[in-house]
Amino acid sequence: MINKVANIINEMLEETGQDKVENFDPSMSLRDELNLDSLMLAELTVRLEDEFGVDIFEDGVVRTLGEVIAKLEGK
Amino acid sequence: MNKIFLVYKQMEVTYENLINDINAKETYQHYIFVNDNNPYSIFLSIIHSLLYKYPIEILDGDFSDIELEEIGVNKTALSDSKSIERLLTINDFNVLLDKISENEDWSLSLYTSGTTGRPKKVTHTFQSLTRNVKTGDKFSDNIWAFAYNPTHIAGLQVFFQSLMNQNTIVYAFNDQLTNLSNLIEEYNITNISATSTYYRNVLPYLKDREYDSIKRITFGGEKYDPSIEDKLKTIFPNVKIRNIYASTEAGSLFVAKGEKFIVPHTIKGLVKINENNELLIHQSLLGKSNSFTFEGNWFNTGDLVEFIDNIHFKFISRNSDMINVGGYKVNPLEVENTLINVEGVIDLVVKSKKNKVTGEILVADVVKGDNYNDMELKKSIKQYGAKHLQEWKIPRIIKFVNEIPKSRTGKKVRK
């Protein structure tokens, strides 16, 4: 699962001409470590919903990559 | 006078500093175009213009050359500056406020998304900008978290509300969003005014804590999101929540508790709905613009509403021609007219995609020419967008399609 999400984030980065991230870790903060601003988070949530049918922000709070994966896995 | 006027990143500016800077400012410019939208430069210029009674035009600091050209602003005119002929010396904030209230010759123009696909200029008087500013002892100790772009109407509303009460503004926008918790504690912030998007994004950084100092939270700039109200009440146990309807065209008009808006008695008779349930506003409530079209004396907001009784109404949907990205209104036509110039793009339609982070984002369906690589073309479109459009006007997700569906009247279908 982490690889699928990593691929989506890297695709977003590539399209905007930014460097891809090499190593993803579940503890990584979306905003502070992956540098996703509100617009990128909005884009990520739409892309993930298209792919997995899950709205990761449905009930509020997602801060880290690990929390995203937990939502997608329905935990 | 040692009271703080503005906290911006590491900088604290007192009212005394502000007055000294105003006294020292001997030149002025018609255009306020501040590269990083630095709120202090913008606020200082606005107050200076009110003191010396010259009209100003506020431009977003991230407008590209093309966007400036589109709205008819000559780039060389941006740096034109003139000297003040008779310098005033202000010694006291109340004197400054008195001078500001003599403002017949002053006006402030700003730009908003127009229906024709290019931004339109709207010119406000002091009265139309400060219609809903409240002053008095009750408001004198307010400390504001500032969470809007200072060049936009909602930011200006907070600025005037704060200035007229000699309050403190603490900038909590953009890169300061994740720092809101510290700012509330350090400055004892009492009021926050922001978009639903801002609250949704700041919530993860306020988790597990209670902040007693916050008395009032205002939603503005975007459709109100009732799903966050309970969460905010848990984090801010002393808070009252209000929802404001303001527009660049009219300034602030209505206030609501929850979703039920009230037409204040001061503007009763100046608001009505037409047979399509669209909200109409009388032209006397609007700023001035050459781009307004009126139905008689009425301006059609394009917002669909339902009246509950004579003075209460609810919004059913906001103007469907516009897409609201986290509080920024975008006309998809403007984006299409720009991106059609990218080599390899044959046709495109820009649409909205709903989400819980920014309300809506832009996505584009693109018909591409033969022999263009998908990823390379996506990169070119986004790169061209970044050069010619403000960030929130760039489609985030691009899909390639064989054709763009059109309605019977030939309009692109944006659904």
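Select B:N37, which counts as partly exposed because it has 19 C-beta neighbours inside 10 Å. On the scale used here, a residue is buried with 20 or more other C-beta atoms within 10 Å of its own, exposed with 12 or fewer, and partly exposed in between, the C-beta atoms being placed from the backbone. B:N37 sits in the loop between β4 (31-33) and α2 of chain B. Helices (H or I, at least four residues) and strands (E, at least two) are DSSP runs, numbered from the N terminus. Although B:N37 is not a glycine, its phi is positive, at about 55°. Most residues other than glycine have a negative phi.

This is a predicted model, in which local features need pLDDT of at least 70 and side-chain atom pairs count only at pLDDT 80 or more, while totals for chains, interfaces and linings use all residues. Residues are numbered from 1 along each chain as its sequence is written, and chains are lettered from A and ligands numbered from 1 in the order in which they are written.

B:N188 has a positive phi of about 50° and is not a glycine. Its 15 C-beta neighbours inside 10 Å make B:N188 partly exposed.

**A helix pair in chain B**

Select helix α1 (residues 15-24) of chain B together with α2(B). Their axes are 10 Å apart and the packing angle is about 60°. The axes are lines fitted to C-alpha atoms, for helices over the stretch in contact, and angles run from 0 to 180 degrees between N-to-C directions. α1(B) is therefore oblique to α2(B). Angles under 35 degrees count as roughly parallel, over 145 as roughly antiparallel, 65 to 115 as roughly perpendicular and the rest as oblique. The crossing of α1(B) with α2(B) is right-handed; a crossing is called right-handed if the near helix is turned clockwise from the far one by less than a right angle, and left-handed if anticlockwise.

Which residues in α1(B) meet α2(B)? They are B:L18, B:D21 and B:I22, and their partners in α2(B) are B:L44, B:I47, B:H48 and B:L51. Two residues are in contact if their C-beta atoms, placed from the backbone, lie within 7 Å. By class, this contact of α1(B) with α2(B) has five nonpolar residues, one polar and one charged. Ala, Val, Leu, Ile, Met, Phe, Trp, Tyr, Cys and Pro count as nonpolar, Asp, Glu, Lys and Arg as charged, and the others, Gly among them, as polar.

Stay on B:L51, in helix α2 of chain B. Is B:L51 buried or exposed? B:L51 is buried, because 22 other C-beta atoms lie within 10 Å. Leaving out residues up to four places away in sequence, B:L51 touches B:I22, B:L88, B:L96, B:K99 and B:I100. B:L88 is 37 residues from B:L51 along the chain, and their C-alpha atoms are separated by 8.8 Å.

**The cores**

Now select B:L6, B:F43, B:A145, B:F146, B:A147 and B:V170, the residues with the most contacts inside the largest nonpolar core, which has 71 residues. A nonpolar core is a set of buried Ala, Val, Leu, Ile, Met, Phe, Trp, Tyr and Cys residues joined through C-beta atoms within 7 Å. Helix α2 (residues 39-52) of chain B gives the most to this core, with eight residues. A second, separate core of 35 residues includes A:V5, B:V330, B:A364 and B:I398.

**Where the chains touch**

Show both chains. The contact draws 19 residues from chain A and 23 residues from chain B. On the side of chain B that touches chain A, α8 (196-202), β23 (345-355) and α11 (374-388) each supply at least two residues. α11(B) gives the most to that side, with five residues.

**Last stop: chain A**

Select A:T64, in the loop between α2 and α3 (65-72) of chain A. A:T64 is partly exposed, with 19 other C-beta atoms within 10 Å. Not counting residues up to four places away in sequence, A:T64 touches A:P26, A:S27, A:M28, A:S29 and A:L30. A:P26 and A:T64 are 38 residues apart in sequence, and 6.7 Å apart in space from C-alpha to C-alpha.
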